[in-house]
2 protein chains.
Amino acid sequence: MQMLKEAILEKGKAINQDVLLVDSFLNHQVDVKLMQQVGEAFAAYFKDRGITRVITIESSGIAPASFTALAMGLPLVIMKKQTSRIMTGDLLQTTVRSFTKGTSYELTIKREFLVPGEKVLFIDDFLASGEAAFGMLRLAKEAGIEVAGIGIVIEKAFQAGHDRLIGEGIDVYSLARVKSMSENHIEFVD
Amino acid sequence: MQMLKEAILEKGKAINQDVLLVDSFLNHQVDVKLMQQVGEAFAAYFKDRGITRVITIESSGIAPASFTALAMGLPLVIMKKQTSRIMTGDLLQTTVRSFTKGTSYELTIKREFLVPGEKVLFIDDFLASGEAAFGMLRLAKEAGIEVAGIGIVIEKAFQAGHDRLIGEGIDVYSLARVKSMSENHIEFVD
C-alpha cells in the first residue's frame, strides 16, 4: 500500500535493526484518514470469504480494525491484554510474550464473542515473531472458530511470524513488508 | 442519542447500582456502525470551536474517538495506560485511579503530541467519578494546551464526574446520561 509505505518512510523511525517507531501516525498519534484507507484495503482483499467477524488485540490494533469492520459491515471484537473485576463469565485465555516490548500478558476474550462455526478476520498493527497471532489462533481453536485470514498493517518480514503463520495455512496480508532496517534506513520487500 | 440509548436498554446489563456492562457493543465486542454515528454526533456538537486534535485513553475510547477524529478531519492521540521500553523521550505522566475497576495506572503521553496553544477534544467511553478526565486535564495543563470539550459515550450521571468537570468550566457532552440503575433497570436523565 503506497500511501502507508510513504508514511513509514517519511514519519517512521528505525531505532535499530528491530524496532520501528511509528508513533506519529499509527500507535500513539493516529492518522485516522490513513487508517480508514488501511481498513478499506483489508476489506477489499478479504471480501467474498464468508467472514462474519473482525477481531483484534488492544490497543494499537483497534483503530485499523475498527475501519476494517466498518468497511466490511461486520462487528469487531477486541481481545484484551488484561482483565478487570467487571470482566467475568466464561473467559478464554492464553499467555502471550511480546519480544519487542519485553513483556507478557494474558490474552483474554469472552467465549460468547467467538461463536463456534464463525469465520473471523484478525487485524493487527504489527507482525514480528507472530506471538500475538499465535495466541489468537490458540483461542480461536479452543472456541471452535475458523481464522479466515490475518491482515497486518506493518510486517517485519525479516522476523519469523509471516512464515510461521503461512506454515499453518493462514492467508497473511500485510500492507507494508519491511525487509530490513537500520538507523535512518528502511527497505521494503519487492 | 436515541440509537445509543436503545442499544444500552437492549444489550446493556446493569450488574448492580454502579456497574453497567456494555461489552456486547461498546468495549469488548464493538458495534462499529454505532460508533461511527457516535463519532458524527460528537463532531456535529463540537464543530466550529477551533479544535485541532482529538485525544482519548486506551483502549475503550479508541473506537469512538477514531470515528470522531475522522468526522472532524483531525489527528487522534491515544493516551497510554502503560509504557513500554520503546516508549521513550519527553513523557507527561500522572497517576489515575479507576474506582470501577479497582486499579490505578500511569496515564502517559509524549509531550510532542500535545502542542502548546492547541485546542483538543477529549473523547472517552465512560464518565463516572471523572478520575480519567481529571488526569487528562492535569497533563493538558502541564503541556499548555486548552481542552475545548469532553465527549462521553455513556455518563453515570449519578456519580460526581460531570459536575466536577462542569465546575472547571469544561463543556461536557454525554450521548447517554444514566440517572440510576439497578439489576434489570436502567433510567436515563430527562
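Biologist: In this predicted model, what makes helix 2 of chain B oblique to helix 3 of chain B?

Modeller: Helix 2 (residues 32-45) of chain B and helix 3 (residues 62-72) of chain B pack at an angle of about 50 degrees, and their axes lie 7 Å apart. Angles under 35 degrees count as roughly parallel and 65 to 115 as roughly perpendicular; the pair is therefore oblique. The crossing of these two helices of chain B is right-handed.

Biologist: Which residues of helix 2 and helix 3 of chain B make the contact?

Modeller: Helix 2 of chain B contributes B:V32, B:M35, B:Q36, B:V38, B:G39, B:E40, B:F42 and B:A43, while helix 3 of chain B supplies B:A63, B:P64, B:F67, B:T68, B:A71 and B:M72. These residues comprise 10 nonpolar, three polar and one charged.

Biologist: Why does B:D190 count as exposed?

Modeller: The relative accessibility of B:D190 is 94%, and the class exposed begins over 50%; B:D190 therefore belongs to that class. B:D190 is located in the segment after strand 11 (185-188) of chain B. From B:E40 it is 150 residues apart in sequence and 22 Å apart in space, C-alpha to C-alpha.

Biologist: Which residues have the most contacts inside the largest nonpolar core?

Modeller: They are A:I8, A:L20, A:I154, B:I8, B:L20 and B:I154, in a core of 78 residues. Helix 2 (residues 32-45) of chain A provides the largest share of this core, seven residues.

Biologist: With which residues is B:I8 in contact, leaving aside neighbours within four places in sequence?

Modeller: B:I8 contacts B:L20, B:F25, B:I154, B:A176, B:I186 and B:F188.

Technical notes
Residues numbered from 1 in each chain as written. Chains lettered and ligands numbered in written order. Predicted model: local features only at pLDDT ≥ 70, side-chain atom pairs only at ≥ 80, totals over all residues. Heavy atoms only, no water. Axes fitted to C-alpha atoms, helices over the stretch in contact; angles between N-to-C directions. Helix = DSSP H or I, 4+ residues; strand = E, 2+ residues; numbered from the N terminus. Parallel < 35°, antiparallel > 145°, perpendicular 65-115°, else oblique. Left-handed = near helix turned anticlockwise from the far one by under 90°. Contact = heavy atoms within 4.5 Å. Nonpolar A, V, L, I, M, F, W, Y, C, P; charged D, E, K, R; others polar. Buried < 20%, exposed > 50% of the residue type's maximum accessible area, 1.4 Å probe, protein only. Core = buried A, V, L, I, M, F, W, Y, C linked by side-chain atoms within 4.5 Å.
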